[in-house]
2 protein chains.
Amino acid sequence: MAELSTERLSRVFAALADPTRRDIVARLSEGDATVGQLAEPYGVSVQAVSKHIKVLEEAGLVSRSRDAQRRPCHLEAEVFDLMTGWIERYRRRAEERFQRLDAVLAAMDDLQDNDQRGVAS
Amino acid sequence: MAELSTERLSRVFAALADPTRRDIVARLSEGDATVGQLAEPYGVSVQAVSKHIKVLEEAGLVSRSRDAQRRPCHLEAEVFDLMTGWIERYRRRAEERFQRLDAVLAAMDDLQDNDQRGVAS
DNA sequence: GCTGTATTCAACCGATCGGTTGAATAGCGT
DNA sequence: ACGCTATTCAACCGATCGGTTGAATACAGC
């Protein structure tokens with residue numbers, strides 16, 4: 001029953017691939033806001049923003065509550081861990097590989113040093 | 001002349017929104033590989049994989065060299081910093097806000113304590 | 001120079017995306 | 001009950017996406 005996370009990861013990355021949605025996330029990091037409030041700054045319809053929020057919600061980045069006819073949006077920052085977890089895993093692997101390569105190059109340098117000061121070329 | 005990074009960030013997030021491309025990145029973290037090698041495990045054509053690599057390349061996640069007719073792919077892990085930088089910025093803001101909220105709630109608890117043990121209800 | 005291998009280019013296809021407009025729904029305040 | 005506000009649903013549109021097939025290009029080896 002594993003590998004739900006790959007679908008989830010795809011949703012999160014896809015959600016943040018849009019600059020308007022990233023900006024919404026940025027603004028929500030300063031505090032909760034309603035759809036109407038979020039829509040104001042952009043040159044698009046409220047419906048478009050509503051769709052963006054739905055995408056963020058389905059990615060688990062945003063949750064919503066109720067306040068009369070308003071539906072305030074709240075940033076769920078824990079989801080970021082999913083991304084940083086993935087990223088750091090492969091960054092670490094790449095860096096380890098880089099260090100091993102460094103070690104090999106150093107070893108080759110040593111060999112060359114021995115060659116130069118030792119037997120032959 | 002700023003805000004080149006927003007376009008770049010969009011490309012990186014969009015590139016990683018596809019599970020096949022994430023898997024390619026994962027495999028490249030273990031070492032460089034050619035298009036042909038990368039294509040084998042997936043049930044898609046070499047051309048499709050070639051397109052995926054192009055997307056990763058334009059996002060700056062992959063660079064390529066030349067070895068005869070082969071074009072080995074190399075993971076450029078530094079780009080990850082762009083993402084983690086963005087993510088951490090807003091995670092931090094959200095957490096700070098959360099702590100402030102915590103402080104407010106604690107203050108309200110104090111007030112209530114005083115009310116209970118002090119003057120009136 | 002020809003053959004085989006590795007990769008890309010080009011055109012096409014159905015699905016999804018980000019946007020629109022218009023109508024529906026939900027919940028105040030009077 | 002009515003009107004105002006906030007939000008969503010539904011249908012549509014052009015653009016982009018992930019995939020295909022078929023042809024072109026680039027290079028090594030015989």
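## The surface near DNA strand C

By class, the surface near DNA strand C is made up of seven nonpolar, ten polar and four charged residues, in what is a predicted model.

Three helices each supply at least two residues of the surface near DNA strand C, namely α4 (46–58) of chain A and, from chain B, both α3 (35–39) and α4. The most is given by α4(A), which contributes five residues to this surface.

## How the two chains are related

Chain B is superposed on chain A by a rotation of 180° with 0.0 Å of shift along its axis, and the RMSD is 0.1 Å. The two copies are therefore related as by a two-fold rotation axis. The same surface serves both copies, since 100% of the contact residues of chain B recur in chain A.

## Two helices of chain B

Within chain B, helix α2 (residues 19–28) packs with helix α4 (residues 46–58) at an angle of about 70°, and their axes are 10 Å apart. Because angles of 65 to 115 degrees count as roughly perpendicular, α2(B) is described as roughly perpendicular to α4(B).

On the side of α2(B), the contact is made by T20(B), R21(B), I24(B) and V25(B), while α4(B) brings H52(B), I53(B), V55(B) and L56(B). Taken by class, this contact of α2(B) with α4(B) has five nonpolar residues, alongside two polar residues and one charged residue.

Technical notes. Residues are numbered from 1 along each chain as its sequence is written. Chains are lettered from A and ligands numbered from 1 in the order in which they are written. This is a predicted model: local features need pLDDT of at least 70, side-chain atom pairs count only at pLDDT 80 or more; totals for chains, interfaces and linings use all residues. Axes are lines fitted to C-alpha atoms, for helices over the stretch in contact, and angles run from 0 to 180 degrees between N-to-C directions. Helices (H or I, at least four residues) and strands (E, at least two) are DSSP runs, numbered from the N terminus. Angles under 35 degrees count as roughly parallel, over 145 as roughly antiparallel, 65 to 115 as roughly perpendicular and the rest as oblique. Two residues are in contact if their C-beta atoms, placed from the backbone, lie within 7 Å. Ala, Val, Leu, Ile, Met, Phe, Trp, Tyr, Cys and Pro count as nonpolar, Asp, Glu, Lys and Arg as charged, and the others, Gly among them, as polar. Copies are superposed by least squares on the C-alpha atoms of residues with pLDDT of at least 70 in both.
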